[in-house]
Amino acid sequence: MYTQALNSSDGDDRGIEDAGRAAQFQARIDADDRIEPNDWMPAAYRKTLTRQISQHAHSEIVGMLPEGNWITRAPSLRRKAALLAKVQDECGHGLYLYAAAETLGTSREELVDGMLSGKAKYSSIFNYPTLTWADIGTIGWLVDGAAIMNQIPLCRCSYGPYARAMIRVCKEESFHQRQGFEIMVTLCRGTAEQKAMAQNALNRWWWPVLMMFGPPDQASQHSDTSTKWKIKRFSNDELRQKFVDATVPQAEFLGLTIPDPGMKQNANGNWEYSAIDWDEFKQVLAGNGPCNRDRLAARRKAHDEGAWVREAAAAYAEKRKNRQLAQAAE
């Protein structure tokens with residue numbers, strides 16, 4: 001989809017931070033121009049995008065684990081096929097995003113190594129366990145719903161490769177959200193035990209999902225510059241509020257109760273929610289969530305066991321290159 005070769009410097013001076021180029025760059029941003037890999041960009045813009053896109057890619061890959069846990073235990077063949085398709089989509093999203101990040105000058109190997117070493121983060125939401133089948137429905141409904149709320153504005157991101165990758169990602173995430181909501185509808189229209197299972201899943205996932213949008217605006221480290229460069233179009237709190245306002249009516253339709261007794265609707269029609277436990281969020285980010293160690297252990301195991309595939313692919317590519325060179329020399 002994208003090629004890292006676009007980032008070869010060839011001796012140019014794109015990394016030089018001078019006021020004139022910075023002003024021209026900001027003028028392009030303000031005019032809603034798309035920045036492409038070969039365009040000059042501030043080093044901080046490149047660094048911010050590399051961090052954000054790589055974390056997004058890591059989240060897609062790690063996000064396969066909690067759902068993959070239920071592929072063999074899906075309640076029907078139809079559900080199994082749909083879940084397999086979803087997990088496959090998430091893998092594809094990771095590949096698109098790693099490719100987009102590579103256009104900024106960092107190799108995929110470096111990006112993956114950062115995640116496996118624990119230096120690079122992924123979304124906190126994937127450090128929670130999937131205890132019942134209702135969790136799969138709740139992930140689709142809430143987690144993918146929150147992801148869509150975050151990602152649709154990224155289709156207008158100032159960096160071209162990221163914005164273009166997000167168009168397809170958002171289309172597929174919309175399918176995932178509908179799939180999850182349909183599971184919840186089925187459970188809520190089923191037996192009393194099934195509806196109770198759905199309510200239990202909502203109770204456990206609601207607050208971690210609200211944390212997905214990131215810390216409150218006053219505590220966010222990167223929001224100001226990301227907004228200035230039009231990487232982000234909305235603040236964390238704005239997106240969180242949009243999500244809550246969209247989700248409360250859906251819960252009412254399902255006959256489920258949002259686990260927030262203090263929630264109320266204000267005069268503007270927005271749903272005001274109680275204070276979020278940001279200490280829990282910090283603990284999960286620090287590696288102390290329920291599944292942090294399991295998730296990284298699973299990714300390291302998969303990476304190690306897949307080494308022979310990477311080696312074989314590299315050997316085949318080298319063999320093919322040598323054959324083409326030999327043919328060209330004839």
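Residues are numbered from 1 along each chain as its sequence is written, and side-chain values use heavy atoms, without hydrogens or water. As the model is predicted, local features require pLDDT of at least 70 and side-chain atom pairs pLDDT 80 or more, whereas totals for chains, interfaces and linings use all residues.

The mean pLDDT (the predictor's confidence in each residue, from 0 to 100) is 92 for the protein. At least 70 is reached by 94% of the residues. Among the elements (DSSP runs numbered from the N terminus: helices, H or I, of at least four residues; strands, E, of at least two), helix α8 (residues 192-211) has the highest mean pLDDT, 98. The lowest, 83, belongs to helix α9 (residues 223-228). Residues 1-16 stay under 50. For this stretch the model has 38 contacts (heavy atoms within 4.5 Å) beyond four places in sequence. Where pLDDT is low, predicted coordinates should not be read in detail.

The domain assignment (bounds from an automatic or database source) gives domain 1 (3-276) and domain 2 (290-329). Their centres, taken over C-alpha atoms, are 27 Å apart. Fourteen residues of domain 1 contact nine residues of domain 2. The buried area (accessible area, 1.4 Å probe, lost by two parts on being put together and summed over both) is about 1,100 Å². Carbon and sulfur atoms give 66% of this area. In domain 1, Leu65, Leu116 and Asn127 lose the most area to domain 2, together 52% of what that side buries.

On the side of domain 1 that touches domain 2, α2 (43-62), α3 (64-68) and α5 (108-116) each give two or more residues. The most, three residues, come from α5.

The whole structure contains 14 salt bridges. One of them joins Glu36 and Arg164, with the closest N and O atoms 2.9 Å apart. Glu36 lies in the loop between α1 (19-30) and α2, and Arg164 in helix α7 (residues 160-188), so the pair ties together parts 128 residues apart in sequence.

Technical notes. Salt bridge = Lys/Arg side-chain N within 4 Å of Asp/Glu carboxyl O.
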